[in-house]
Amino acid sequence: MKAQTAPRAKLEIALKVNGRSMTVCAHPMERLLDVLRHELGLTGTKEGCGEGECGSCSVLLDGTLVNSCLIPVLQAAGGEVTTIEGLAADGQLHALQQAFLECGGAQCGICTPGMILAACQLLRKKPRPNTKEIQEGLSGNLCRCTGYAQILEAVADAARRGVE
Ligand code: FES
Ligand code: FES
């Protein structure tokens with residue numbers, strides 16, 4: 001008789017998401033991407049490849065850009081996650097969101113949340129990046145629609161406005 005593997009129990013995992021402390025009940029190896037989208041309803045984080053290649057699922061974990069499709073939720077325990085929903089404040093778009101809107105940096109929008117979070121990380125480290133530095137900062141994020149020119153312009157525009 002074949003031994004049956006018991007399903008792994010769910011755990012209560014405490015973390016902070018977009019500034020709010022919370023506890024989620026999830027299997028420890030469940031992808032952070034799925035917990036964000038399905039448990040917490042934060043559908044701004046997108047799934048593209050599901051394999052760590054496209055950056056569509058990018059979020060900030062303790063201030064560092066990560067592919068949430070590769071991160072087991074247990075790895076985020078005790079950490080602070082920022083998704084695209086966490087950028088706008090008091091009903092005002094973040095400067096990067098506004099710049100993407102005005103420069104046409106978003107078309108289908110699948111890559112956009114990840115691009116903006118990658119740009120956010122870049123501008124925190126380097127508030128006035130040149131084009132090459134913007135390209136490098138976004139190199140882990142793929143876009144199949146825009147040809148990248150408007151995205152680069154949006155990030156440069158946000159940098160000119162000054163991003164906190
Ligand atoms: S969906 Fe995570 S990197 Fe593509
Ligand atoms: S806007 Fe469609 S993938 Fe970038």
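Q: What share of the contacts in the protein links residues 24 or more positions apart?
A: Contact means heavy atoms within 4.5 Å. Among contacts with a separation of 6 or more, residues 24 or more positions apart account for 56% in this protein. This is a predicted model: local features need pLDDT of at least 70, side-chain atom pairs count only at pLDDT 80 or more, and totals for chains, interfaces and linings use all residues. Residues are numbered from 1 along each chain as its sequence is written, and side-chain values use heavy atoms, with hydrogens and water left out.

Q: In what order do the elements of the protein run?
A: Helices (H or I, at least four residues) and strands (E, at least two) are DSSP runs, numbered from the N terminus. Here there are five helices and five strands. The order is β-β-α-β-β-β-α-α-α-α.

Q: Which residues have the most contacts inside the largest nonpolar core?
A: In soluble globular proteins, nonpolar side chains tend to be buried together. A nonpolar core is a set of buried Ala, Val, Leu, Ile, Met, Phe, Trp, Tyr and Cys residues joined through side-chain atoms within 4.5 Å. Buried means under 20% relative accessible area, with a 1.4 Å probe and protein chains only. The largest core has 25 residues, and Leu 96, Phe 100, Leu 138 and Val 155 have the most contacts inside it. Helices H2 (95-103), H3 (112-125) and H5 (149-161) each give two or more residues to this core. H3 supplies the largest share, eight residues.

Q: What does Leu 138 touch?
A: Leaving out residues up to four places away in sequence, Leu 138 touches Met 115, Ala 118, Ala 119, Ile 151, Leu 152 and Val 155.

Q: Which residues does the second core include?
A: That separate core has 17 residues, including Ala 26, Val 59, Leu 61 and Val 81.

How values were computed
Chains lettered and ligands numbered in written order. Buried < 20%, exposed > 50% of the residue type's maximum accessible area, 1.4 Å probe, protein only.
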